[in-house]
Amino acid sequence: MTKPDAHDFLDLDAELSGEVRDMRDAVRAFANDQLLPNVAEWYESGSLPAAELAKGFGQLGLLGMHLEGYGCAGTSAVAYGIACRELEAVDSGLRSFVSVQGSLAMYAIYKWGSEEQKQEWLPRMAAGEALGCFGLTEPDAGSDPGSMRTRAVRDGKDWVLTGAKMWITNGTVAQVAVVWAQTDDGIRGFVVPTDTPGFTANEVKHKLSLRASLTAELVLDGVRLPESAAFPEVRGLRGPLSCLNEARYGILYGVVGAARSCYESALEYTLSREQFGKPLAGFQLTQRKLADLVVEVNRAGLVALQIGKLKDAGKLHHNHVSFGKMANVRSAIEVARTARAMLGANGISLEYPVMRHMANLETVLTYEGTEEMHALSLGQSVTGLAAFR
Ligand SMILES: Cc1cc2nc3c(=O)[nH]c(=O)nc-3n(C[C@H](O)[C@H](O)[C@H](O)COP(=O)(O)OP(=O)(O)OC[C@H]3O[C@@H](n4cnc5c(N)ncnc54)[C@H](O)[C@@H]3O)c2cc1C
């Protein structure tokens with residue numbers, strides 16, 4: 001009988017194919033060489049070398065990796081989830097960078113764009129030569145995106161967009177923005193080159209969470225676009241929600257990495273630090289905490305793997321994703337908070353990753369549907385009764 005591995009207690013990675021394990025190792029090596037040594041500095045300064053990172057992620061084939069064609073790798077959903085996990089083991093902001101590019105901006109164009117829009121943007125975005133952002137949230141429309149005020153009106157054959165979007169990841173560095181707006185025909189999506197006159201992106205400052213990520217307010221002041229800028233078919237919230245479902249899938253897998261990193265830090269720290277004449281890990285109260293952490297990390301990993309298998313089998317419902325996002329973000333936050341305390345005073349330092357993860361996970365709890373929104377989705381799923389309003 002083999003003793004369980006403290007780092008993969010349920011041996012979940014044995015479920016992965018050799019190809020996915022190779023990809024995991026490549027992403028982990030890149031993360032350890034290129035990201036981990038710099039992340040504390042990026043976090044502290046609230047900056048990110050976005051163009052350089054995009055090229056690196058592009059070369060690894062991580063941008064839009066689960067999409068087919070147009071320069072995308074066409075991997076399985078589980079493979080994409082594992083990549084998110086390895087990136088988020090470094091920082092949720094870095095996983096967000098890849099999620100927003102691949103699952104929001106690229107997926108929106110891939111799923112709803114015209115062939116011309118796909119040919120124009122997807123190959124460059126997959127290579128990391130162009131960055132995209134996804135503008136749904138507004139200052140007065142968050143959980144209720146149907147109340148958005150950004151409006152697109154026809155002027156001859158053109159469209160003219162006016163409004164504002166808030167909290168938009170990569171908005172200041174994107175070459176293209178997918179913007180959702182009200183029209184006379186319901187909510188529609190637009191592919192907006194960010195150098196179009198009337199488009200500005202202002203950095204959101206003073207964040208105490210997800211600092212290794214660039215966040216923007218987008219202002220659309222009479223942005224004039226040709227008819228071909230609109231997504232041709234999709235109308236209503238079905239368009240943006242389909243993209244959010246993809247990104248939420250990456251989150252429910254990604255947070256397993258953040259939780260794992262916190263658990264590993266707490267394990268290593270309590271094994272090496274001595275108080276009262278022995279390692280902290282030798283005290284019963286510490287072992288109780290370590291046992292809780294290893295259970296939460298592995299349970300979240302199991303939930304992610306099962307949801308990934310459902311996605312690969314074409315059986316994934318959006319309520320499975322709500323289940324996974326709610327359950328796994330909750331687990332990761334509990335792990336981060338417990339691990340933070342286990343490191344004592346060092347737990348509040350950027351020299352260790354734990355409080356950085358803990359602060360990041362507050363954003364992850366809120367974006368892509370707050371915990372309350374996912375609870376309401378699950379409630380509706382099991383009761384048949386909607387309680388959103
Ligand atoms: C760092 C960061 C990056 C982001 N990146 C993007 C991005 O790239 N693109 C994008 O479009 N958006 C982005 N967002 C926005 C994010 O998706 C929204 O913040 C989120 O949808 C919540 O909206 P809100 O902040 O307006 O909160 P609100 O909707 O105002 O909610 C506030 C609180 O009220 C609760 N609440 C709301 N309605 C109900 C109800 N019916 N019943 C019970 N409770 C309720 C919520 O759960 C929450 O706890 C980002 C946010 C952050 C913080």
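## Lining of the second largest pocket

In this predicted model, α6 (238–272) gives the second largest pocket the largest share of its lining, with nine residues. Among the other elements that each supply at least two lining residues are α1 (18–45), α3 (77–88), α7 (284–312) and α9 (354–366).

The volume of the second largest pocket is about 830 Å³. It is lined by 40 residues, and those closest to its centre are His7, Ala89, Arg260, Ser261 and Glu264. Sorted by class, the lining holds 21 nonpolar residues, twelve charged residues and seven polar residues.

## Position of the pocket between domains

Lining residues of the second largest pocket come from both domain 1 (12–126) and domain 3 (238–383), so the pocket lies between these two domains.

## Contacts to the ligand

The ligand is surrounded by 18 residues, of which Thr137, Ser143, Trp167, Thr370 and Glu372 are the closest. Ser143 places a polar side-chain atom 2.6 Å from an oxygen atom of the ligand.

## Shell composition and domains

Which classes make up the shell around the ligand? The shell residues divide into nine nonpolar, seven polar and two charged.

Domain 2 (132–229) and domain 3 (238–383) both contribute residues to this shell, and the ligand therefore lies between them. Domain 3 thus takes part in the lining of the second largest pocket, together with domain 1, and in the shell around the ligand, together with domain 2.

Key: Residues are numbered from 1 along each chain as its sequence is written. This is a predicted model: local features need pLDDT of at least 70, side-chain atom pairs count only at pLDDT 80 or more; totals for chains, interfaces and linings use all residues. Side-chain values use heavy atoms; hydrogens and water are left out. On a 1 Å grid over the protein atoms alone, a cavity is a set of points where a 1.4 Å probe fits but cannot get out, and a pocket is an open set with protein on both sides within 12 Å along at least five of seven lines; lining residues have an atom within 4 Å of a point. Grid points are joined across faces, edges and corners, and a volume is the space filled by probe spheres set on the points. Helices (H or I, at least four residues) and strands (E, at least two) are DSSP runs, numbered from the N terminus. Ala, Val, Leu, Ile, Met, Phe, Trp, Tyr, Cys and Pro count as nonpolar, Asp, Glu, Lys and Arg as charged, and the others, Gly among them, as polar. Domain bounds come from an automatic or database domain assignment. A residue is near a molecule or strand if one of its heavy atoms lies within 4 Å of it. A polar contact is a pair of N or O atoms within 3.5 Å; within protein, one must be able to donate a hydrogen and the other to accept it, and residues adjacent in sequence count only if both atoms are side-chain atoms.
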